[in-house]
Amino acid sequence: MQTRPRIGVALAGGGPLGAIYELGALCALDEAIVGIELADCDAYVGVSAGGFIAAALANGMSPREQCASFIENEGAAHDIFEPGLLMRPAWGEFARRLASLPRVAAQALWVGVLQRHSASVTVEQLAHALPTGLFSNTGIEAQLRRQFAQPGRSNDFRELRRKLVLVATDLDSGESAPFGLPGFDEVPISQAVQASSALPGLFPPVEIGGRFFVDGALKKTLHASVLLEDGLDLLICLNPLVPYDAAHARRERVLESGEPRIPRLIDGGLPVVLSQTFRTLIHSRLELGMKGYERSHPGTDILLFEPDQRDPEMFLANTFGYSQRRWLAEHAYRQTREQLRAQRPQIAAKLARHGLALNDKALDDHHRSLLRRPARRGPPVLPSALAVKKLEQVLDDLEVALAARARAG
């Protein structure tokens with residue numbers, strides 16, 4: 001008799017855009033894989049924005065329920081996510097820094113004038129009065145606390161039926177803080193999410209037990225090793241941020257979102273260059289980590305889902321924007337379904353080893369959508385485009401079959 005496979009889910013960060021992508025992708029996976037309920041897996045790890053989704057999954061909230069809350073702002077009052085929570089100024093942090101200004105100014109005067117240090121040293125002293133974050137994340141923590149206080153849910157790691165790890169970074173030591181593991185499991189889940197997503201510069205560090213914590217992505221992109229050590233059979237990983245491959249991208253003048261296409265990344269100016277740089281750095285860490293996981297845990301099958309690097313839609317979207325959430329979630333849902341169809345033989349083979357399968361009927365239904373109300377629409381999908389996609393899938397299947405036959409020969 002075949003035992004139930006042990007399945008884990010690892011979710012990387014990426015700001016509100018990352019959470020939007022992961023919800024769209026998870027909804028696609030939840031309906032396309034037979035034998036899995038993503039809100040009833042054995043273990044979850046979340047980093048930064050991925051921590052929001054992982055904590056809700058571990059509390060039994062399905063991807064569709066989270067989509068209703070975060071994307072469509074529907075459902076029970078305690079579950080509806082208010083977009084304004086992301087943009088509340090950190091008034092408390094501003095007040096604390098303003099109160100410290102006289103002391104800091106006196107120190108700068110002493111260093112710069114009386115001790116005759118250079119002007120740069122004086123400026124460095126004055127910088128001590130600058131706020132450590134622009135926006136407050138206390139409202140987000142309170143929202144999660146309300147959600148996890150509902151019947152059937154818990155804000156206590158130790159009360160969950162499923163393993164949950166939310167990784168932050170200890171600001172003073174630079175070490176990872178795996179909230180949820182023994183020694184780190186007394187912290188409320190909502191506060192652990194707050195700490196894991198405290199991106200320096202945007203949100204102030206979160207004080208827990210006299211120490212200060214910031215975004216968990218500073219150390220690693222995915223932190224999947226905290227789950228792999230439990231001997232999982234299958235690990236499903238999602239990473240929302242990938243560098244853009246402009247050399248092989250499609251050439252439309254206007255994107256489906258209605259935004260004009262950037263012919264070259266350099267034409268996008270500093271924001272686009274910085275975005276590409278940041279994405280390249282975190283993705284290179286992820287690639288190294290994935291190779292290490294395959295070597296250290298050969299008995300675990302790993303499925304990684306990411307946006308297509310040739311797709312400009314996710315790249316040009318504002319990482320910290322929320323206004324286009326409905327359209328972007330729908331786009332992520334459709335792109336994940338395309339990835340499943342394009343890699344059907346490889347993914348199906350991994351799933352079959354654990355008694356799982358792809359729902360071909362659902363995957364091949366091109367009329368499926370994520371949202372009940374239509375999102376912002378792009379150009380209609382022509383029958384010729386569907387035929388080309390089908391041909392590409394057939395060729396992919398043929399390539400895999402020929403490779404397998406060659407190996408057997």
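These are my notebook entries on a predicted protein model.

**Setting up**

I number residues from 1 along the chain as its sequence is written, and I leave out hydrogens and water, using heavy atoms for side-chain values. Because the model is predicted, local features need pLDDT of at least 70 and side-chain atom pairs count only at pLDDT 80 or more, while totals for chains, interfaces and linings use all residues.

**Entry 1: the whole chain**

I found 15 helices and 10 strands. Helices (H or I, at least four residues) and strands (E, at least two) are DSSP runs, numbered from the N terminus. The chain has 409 residues, and 49% of them count as buried. Buried means under 20% relative accessible area, exposed means over 50%, and partly exposed lies in between (1.4 Å probe, protein chains only). I then looked at contacts, meaning heavy atoms within 4.5 Å. Among those with a separation of 6 or more, 77% join residues 24 or more positions apart.

**Entry 2: helix 1 and helix 2**

I looked up helix 1 (15-32) and helix 2 (49-58). Their axes come within 7 Å and cross at roughly 40 degrees. Axes are lines fitted to C-alpha atoms, for helices over the stretch in contact, and angles run from 0 to 180 degrees between N-to-C directions. The two helices are therefore oblique to each other. Under 35 degrees counts as roughly parallel, over 145 as roughly antiparallel, 65 to 115 as roughly perpendicular, and the rest as oblique.

Which residues meet? Gly15, Ala19, Glu22, Leu23 and Leu26 of helix 1 touch Ala49, Gly50, Ile53 and Leu57 of helix 2. I sorted this contact into six nonpolar, two polar and one charged. Nonpolar covers Ala, Val, Leu, Ile, Met, Phe, Trp, Tyr, Cys and Pro; charged covers Asp, Glu, Lys and Arg; the others, Gly among them, are polar.

**Entry 3: the second largest pocket**

The second largest pocket holds about 760 Å³ of space. On a 1 Å grid over the protein atoms alone, a pocket is an open set of points with protein on both sides within 12 Å along at least five of seven lines; a cavity is a set where a 1.4 Å probe fits but cannot get out; lining residues have an atom within 4 Å of a point. Points are joined across faces, edges and corners, and a volume is the space filled by probe spheres set on them.

I counted 41 lining residues, with Gly15, Pro16, Ser48, Ala49 and Phe52 nearest the centre. Which helix gives the most to this lining? Helix 10 does, with five residues. By class, the lining has 25 nonpolar, 13 polar and three charged residues.

Helix 7 is mostly covered, with eight of its 11 residues buried. These buried residues pack against helix 2, helix 3 and helix 8 (189-196). Phe148 is one of them. Phe148 also turns up among the contacts of Asn59, along with Gly152 and Ile189. Asn59 sits in the loop between helix 2 and helix 3. Is Asn59 buried or exposed? Asn59 is buried, at a relative accessible area of 6%.

**Entry 4: Arg264**

I found Arg264 in the loop between strand 8 (234-238) and helix 10. Arg264 is exposed, at 53% relative accessible area.

**Entry 5: the cavity**

I found one cavity of 30 Å³ or more. The largest cavity holds about 40 Å³ of space. Its lining includes Val242, Tyr244, Arg279 and Asp311.

How values were computed: Lists of a residue's contacts leave out its neighbours within four places in sequence.
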